[in-house]
Amino acid sequence: MPRPLIATVDLTALADNLVLAKRLAAPAATYAVVKANAYGHGLKRVFSALGEADGLALLEYDAALSLRDWGYAKPILLLEGFFAVAELTGAAAHCLSLVIHHAEQLEMLQRTRLSRPLEVFVKINTGMNRLGFAPESLTAVIEKLRNLEHIEKVHLMTHFAHADDYQGMLEQRNRFVQASQGLSFPTSLANSAGIFRYREIGGDTVRPGIMLYGASPFATQSAASLGMKPVMSLQSELIAIQHLRAGDRVGYGGLYQAKGEQRIGIVACGYADGYPRHAEIGTPIAVAGRRTQVLGRVSMDMLAIDLTDCADARVGSAVELWGTQVSVDEVAQAAGTVGYELLCAVAPRVPFTVSERK
Ligand SMILES: *Cc1c(COP(=O)(O)O)cnc(C)c1O
């Protein structure tokens, strides 16, 4: 029997979350963000469940070409554009839309002959200071694009630095509006946070990522309370049971110490599987359908859990690390990170499967 650890991707939940994004963002077009191997869910595994999206957005050129190989025919947007001329010509040949965010990309565009017209999203830096043209340079950028014959369609976009800060988002939106005054191009602003909170500032094309995968973009609101369904569940089993006496310690560094007699279980999942090593004692986890907590330090291949209130738990009992009983956001919070990071970091040694509601 293989090691009992598996990640299951619920394709129906993914499709349902996309419907939610589309409904909230209507009438905007929705490009589902599938970067980082669809936030760790497996691009090949999930893209067919995203058929209702108006397009897909990612930043890995090879993955975009794979999507075309698999027959994906709708728009694909490369969120960081291109890094070299070869990618530019390839992108045009495969009808990939490109973000243009700095002058070097414009220069490459100016000196390259393309086999097909190109759709571009001009990115404006409205305050995140990561990618994008300065607002005051936009007019000049647009002028240069107008002089290029192979540019077919231009959009204007920006990316929000805040999720929970309405004022911060508004400031960025205002800079965007000011920069694009007098230009009548379609726009793209909102990520998941923008779609939930601030529909009026989303633009003509929205770019939901994390919400599709059923995790929350907010620190203060759960995915369930926002109507999202969890997509990935990471499941294992108890592979050993230990009976502690008062004073016994658990795991590396003896971080946890039993106060009295206590039954604990050992789970076949550790940080080499992508479970966060920084998960605190008390991090929620479910065994045999009941929520309990992680004890001691997470090891490379195993972790220990409390079985005090889990009398029926035995070797072979099902354990959910995250999924429908324990949200990935709860685990992330207890480990000082965000659901995004845990979903993206499930290790290659963990096998995946899919489920679907008929
Ligand atoms: C990752 C990304 C998104 C999606 O963000 P979420 O917070 O996951 O919804 C949208 N736009 C850009 C440019 C991105 O890089």
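Colleague: How many bridges join E14 to strand E17?

Modeller: Two bridges join them, and E14 and E17 (residues 318–322) run antiparallel. Strands here are DSSP runs of E with at least two residues, helices are runs of H or I with at least four residues, and both are numbered from the N terminus. Two strands pair if DSSP finds at least two bridges between them. Please note that this is a predicted model: local features need pLDDT of at least 70, side-chain atom pairs count only at pLDDT 80 or more, and totals for chains, interfaces and linings use all residues. Residues are numbered from 1 along each chain as its sequence is written, and side-chain values use heavy atoms, with hydrogens and water left out.

Colleague: Which residue of E17 is the bridge partner of Val-287?

Modeller: That partner is Val-319.

Colleague: And how many bridges join E14 to E15?

Modeller: Four, again in an antiparallel arrangement, with E15 spanning residues 290–295. Ile-285 has Thr-292 as its bridge partner in E15. The two strands form a hairpin with two residues between them, and Ala-288 in the turn has a positive phi of about 50°.

Colleague: Are the residues of E14 buried or exposed?

Modeller: Both faces of E14 (residues 284–287) are covered: Pro-284 and Ala-286 are buried on one side, Ile-285 and Val-287 on the other. Buried means under 20% relative accessible area, with a 1.4 Å probe and protein chains only.

Colleague: What about the chain as a whole: what share counts as buried?

Modeller: Of its 358 residues, 53% count as buried. The secondary structure comprises eleven helices and 18 strands. The C-alpha atoms fill a box of roughly 80 × 45 × 40 Å along the principal axes.

Colleague: Turning to the ligand, which residues come nearest?

Modeller: Lys-35, Tyr-39, Ser-192, Ile-210 and Tyr-340 come nearest, out of 13 residues around the ligand; a residue is near if one of its heavy atoms lies within 4 Å.

Colleague: Which side-chain N or O atom lies 2.6 Å from a ligand oxygen?

Modeller: One in the side chain of Tyr-39. For Lys-35, the corresponding distance to an oxygen atom of the ligand is 2.7 Å. A polar side-chain atom of His-159 lies 3.4 Å from a ligand nitrogen.

Colleague: How much of the ligand's accessible area does the protein cover?

Modeller: The protein covers 94% of the 390 Å² that the ligand has on its own, with areas from the Shrake-Rupley method and a 1.4 Å probe.

Technical notes
A polar contact is a pair of N or O atoms within 3.5 Å; within protein, one must be able to donate a hydrogen and the other to accept it, and residues adjacent in sequence count only if both atoms are side-chain atoms. Buried means under 20% relative accessible area, exposed over 50%, partly exposed in between (1.4 Å probe, protein chains only).
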